[in-house]
Amino acid sequence: MSDTASHTASDVPPAPAPAPATPPPFRPGLEGVPATQSAICDIDGRQGQLTYRGFDTAILAAQSTFLETAYLLIWGDLPTAVQLREFEHEVQMHRRVSFRIRDMMKSFPAQGHPMDALQASAASLGLFYSRRALDNPEYIYGAVVRLLAKIPTMVAAFQLIRKGQDPIQPRDDLPYAANFLYMLTEREPDPLAARIFDACLIIHSEHSLNASTFSARVTASTLTDPYAVVASAVGTLAGPLHGGANEDVLAMLEAIGSPDQVEPWLDRAIAERQKIMGFGHREYKVKDPRAVILQSLAEQLFDRFGHDPLYDLACALERAAAERLGPKGIYPNVDFYSGLVYRKLGIPRDLFTPIFAIARTAGWLAHWKEQLGANRIFRPSQIYTGSLPRQWQPLDAR
Ligand code: ACO
């Protein structure tokens, strides 16, 4: 018997741990780092083009409806006439929310932000519809329908509740966008206003791996329920660097005051290194194609319902900013003109971001479904910058 053969397993020195691979360079904000593969939406930030499942969003805004676009985003293809009719019918059937959720909303502080109310109400759906069957296409369909149907009802309900009124029930004879405006204002909207609002929902419905969609995908990757996925995305959308910027744009335009103040205001803001709200985008180095569409929707509304002097100010700001910030690739983003559209539709300012959430729910759900199709939990690494191991000091020795 050889020496080697007489060794026990414990005598064998452990194999050295593999040398750590050189970590990829740290990119703050994950700029340029692919975090997933996706077939939903494509952005060409140099040409200013945006497509959903291969369709130009300008075409969708002009020809499609929000529910048809949501179907396209989530299931990958345009629905047939029968599929669309069924989908619209299902969504319409699920618009009402439980009186328990309405009662819960009545206990929210009236001065609370509607995005916080929406996040809490969206999360509460998980309490009512908790059965989780993520590998069952019927469950996926049902959850998509329920979320698309109930999110607008909850946004409108909080608006009435905080004014001290009872929420009104959805109107079954009205399409998606018109019904939301009806629930909000208690008046059947003008058809042009409803059509323009629907187009706004279409162009806000998806935008690849933005912060809230990333949030949705991370949450989805844990295989939690879709209500938690949407609630986490709503919380992320609320911030002023993301969906919350649309509120700030109007405040900024009002603070500027008049077109002759635009240039001095902008020069001062740039000198103070302030961010100009509604400008700049990680992906676009030209004017955001959604801003182009929204500007034209705003003009259609002004032609029909009267001009808004803030629009002249916004155009003057866009021109002045093109000279000063254009060379850095900073141009109007989706939030720059959306507030002017919503203002003309008579929508209160702090509902602009919840409306963004109504639309983006379609994109979040498309990413939820795609994530489930090839799931691996998100768990990136970090570069530790804290202290070396330290000795514990008892309280009386510190
Ligand atoms: N006004 C002035 N300067 C700007 C602006 C702006 N709006 N946006 C970017 N810059 C400048 C920055 O100061 C920075 O300049 P520097 O290199 O000299 O320091 C450079 O451009 C890069 O800016 P970052 O903030 O690093 O760009 P990032 O890609 O991280 O941020 C963001 C993108 C958050 C959208 C940014 O442009 C911004 O804060 N814009 C204003 C808020 C806004 O409109 N958000 C809505 C975005 S659309 C959406 O989320 C729905």
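The centres of domain 1 and domain 2 lie 26 Å apart, taken over C-alpha atoms. The model is predicted: local features need pLDDT of at least 70, side-chain atom pairs count only at pLDDT 80 or more, and totals for chains, interfaces and linings use all residues. Residues are numbered from 1 along each chain as its sequence is written, and side-chain values use heavy atoms, with hydrogens and water left out.

Domain 1 covers 41-239 + 351-373, and domain 2 covers 245-342. These bounds come from an automatic or database domain assignment. Domain 1 gives 28 residues to the contact and domain 2 gives 25 residues. Contact here means heavy atoms within 4.5 Å.

**Interface**

The two domains bury about 2200 Å² between them, with 68% of it on carbon and sulfur atoms. Buried area is the accessible area (1.4 Å probe) that two parts lose on being put together, summed over both. I196, I203 and F352 supply 28% of the area that domain 1 buries against domain 2, more than any other three residues.

Polar links also cross the interface. The rule finds six residue pairs in polar contact there, both residues at pLDDT 80 or more. A polar contact is a pair of N or O atoms within 3.5 Å; within protein, one must be able to donate a hydrogen and the other to accept it, and residues adjacent in sequence count only if both atoms are side-chain atoms.

On the side of domain 1 that touches domain 2, the elements giving two or more residues are β1 (41-44), β2 (49-52), α2 (57-63), α9 (191-203) and α17 (352-373). Helices (H or I, at least four residues) and strands (E, at least two) are DSSP runs, numbered from the N terminus. The largest share, seven residues, comes from α9.

**Salt bridges**

One salt bridge spans the interface of domain 1 and domain 2. The total count is 17 salt bridges. The rule asks for a side-chain nitrogen of Lys or Arg within 4 Å of a carboxyl oxygen of Asp or Glu. Two examples follow.

| Salt bridge | N to O distance |
|---|---|
| R304 and D190 | 2.9 Å |
| E188 and R171 | 2.9 Å |

E188 sits in the loop between α8 (176-185) and α9, and R171 in the loop between α7 (137-162) and α8, 17 residues apart.

**Sheet**

Three strands form an open sheet in the order β1-β2-β3, with antiparallel pairing. β1 and β3 (55-56) are at the edges with a single partner strand each, so one side of each lacks a neighbour in the sheet. Four bridges join β1 and β2; strands pair if DSSP finds at least two bridges between them. D42 stands opposite T51 in β2.
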